[in-house]
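Hi there,

Here is the structure I promised to pass on to you. Have a look at it first, and then read my notes below.

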Amino acid sequence: MPDRTEMLPAHAAHAYPARALRVASGANLGDPIADAGLVEPGDVYRLDREAPSLRLMLAPVAGDRQAQTLAEGSEIGQPGDRVGLLSLLTLMAPDGDQVEVLIVRHDASGESLAIPLSPIAPRFDYTLIAASADIGDIRIADIVCVSFASGTMVTLPGGAQRPIEALQPGDKILTRDHGPQEVRWIGKATLRAKGAFAPVVISAGTLGNDTDLVVSPHHRVFIYQRGKKRLGGTAELLVQAKHLVDGDTVTRREGGFVDYYSLVFDRHEIIYAEGIPAESLMVNEATVMLMPADLAEEVKARFPGLSQSQHFGTEVGREILDDAARKALLRGKAGR
């Protein structure tokens with residue numbers, strides 16, 4: 001399968017004006033978020049509740065991984081305007097989660113913009129813990145990060161397994177709720193395994209898996225809780241892989257590159273990857289908005305209406321996944 005990330009002329013990103021994310025307490029009180037040389041670790045930032053989210057359509061600049069140009073559909077500037085990458089900042093959210101933010105500059109206006117790599121919300125405090133002007137090979141295009149790592153064994157009807165990279169649209173996959181289902185679309189992105197894009201490794205045996213499962217941080221696994229004490233009050237949970245990281249049996253793996261694959265079905269399905277139930281890519285406006293432009297158009301054409309609903313499992317966030325709760329989940333086995 002070709003690496004579609006290298007074939008895309010433009011893609012979407014969502015940014016805030018730097019002035020909309022200001023220091024609410026700390027050394028630089030009142031200052032807008034800025035590049036690494038102008039910020040102070042420990043400062044606490046807060047997003048303006050009226051802050052506009054600006055859609056940027058970005059195309060790469062040949063030979064320059066640190067720059068993009070605006071394309072048609074951007075909500076600022078003109079097509080062809082250069083957008084340069086300045087810094088990568090890491091902030092700590094109130095729930096302890098880390099949010100990485102790219103600081104970029106629209107050269108034509110001189111305006112700085114903040115592009116969060118994870119969602120941020122108004123009225124919450126985000127503490128700056130690290131700032132780097134060395135952003136390595138990260139491109140804004142790398143915001144798209146999809147699902148399972150290359151080599152993941154996916155269960156077929158009848159119990160046989162096949163590496164995810166060997167699957168093709170039309171192949172039938174075993175799903176938890178609807179039996180054998182055809183794969184309608186397969187996406188791929190090749191990213192440097194660093195920071196927000198470093199995969200999560202669920203070690204063999206942690207959730208009943210015979211071998212390690214490697215997924216992107218925001219990919220959700222399905223966990224069935226038995227017994228009366230149930231986290232979230234329900235038996236069926238969807239949990240982002242990054243929330244399971246305990247530094248022991250579930251870890252982040254940094255270094256090199258990683259090929260990520262996503263699978264789309266007619267419905268949002270739970271499939272089996274290395275024996276662990278995990279979600280397929282859910283196709284709706286929210287997920288398609290994060291895709292590169294031509295992939296988004298392809299998905300829209302294949303799935304008119306973008307009306308897939310989330311699997312009925314309850315999503316559990318970090319706010320209730322303390323160390324004790326995480327250990328309780330990891331002691332169990334993944335639901336079948």
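**Around leucine 54**

Setting aside neighbours within four places in sequence, leucine 54 is in contact with Ala13, His14, Ala15, Pro17, Glu75, Ile76 and Leu113. Please keep in mind that this is a predicted model. You will find leucine 54 in strand 4, which covers residues 54-61. Is leucine 54 buried or exposed? Its relative accessible area is 13%, and the cut-off for buried is under 20%, so leucine 54 counts as buried.

**The chain as a whole**

The chain has 336 residues, and 51% of them count as buried. In it you can look for 3 helices and 24 strands. If you take the contacts between residues at least 6 apart in sequence, 64% of them join residues at least 24 apart. The accessible surface comes to about 14600 Å², and carbon and sulfur atoms account for 50% of that.

The average pLDDT of the chain is 80, with 74% of the residues scoring at least 70. Over residues 1-9, pLDDT stays under 50, although the model has 25 contacts beyond four places in sequence for this stretch. Where pLDDT is low, the predicted coordinates should not be read in detail.

**Salt bridges**

How many salt bridges does the structure hold? There are 9, and here are some to look up:

- Arginine 19 pairs with glutamate 111, with the closest N and O atoms 2.7 Å apart. Arginine 19 sits in the loop between strand 1 and strand 2, and glutamate 111 in strand 8, so the bridge ties together parts that are 92 residues apart in sequence. Arginine 19 is exposed at 51% relative accessibility, while glutamate 111 is partly exposed at 24%.
- Arginine 82 and aspartate 107 meet at 3.6 Å, N to O. This pair links arginine 82 in strand 6 with aspartate 107 in the loop between strand 7 and strand 8, 25 residues apart. Arginine 82 is partly exposed at 37%, and aspartate 107 is partly exposed at 39%.
- Arginine 184 and glutamate 182 meet at 3.0 Å, N to O. Arginine 184 is partly exposed at 32%, as is glutamate 182 at 30%. Together with Asp266, Glu182 and Arg184 form a network of salt bridges.

Enjoy exploring!

Definitions and conventions: Residues numbered from 1 in each chain as written. Predicted model: local features only at pLDDT ≥ 70, side-chain atom pairs only at ≥ 80, totals over all residues. Heavy atoms only, no water. Helix = DSSP H or I, 4+ residues; strand = E, 2+ residues; numbered from the N terminus. Buried < 20%, exposed > 50% of the residue type's maximum accessible area, 1.4 Å probe, protein only. Contact = heavy atoms within 4.5 Å. pLDDT = per-residue confidence, 0-100. Areas by Shrake-Rupley, 256 points an atom, 1.4 Å probe, with all protein chains shown as cover. Salt bridge = Lys/Arg side-chain N within 4 Å of Asp/Glu carboxyl O.
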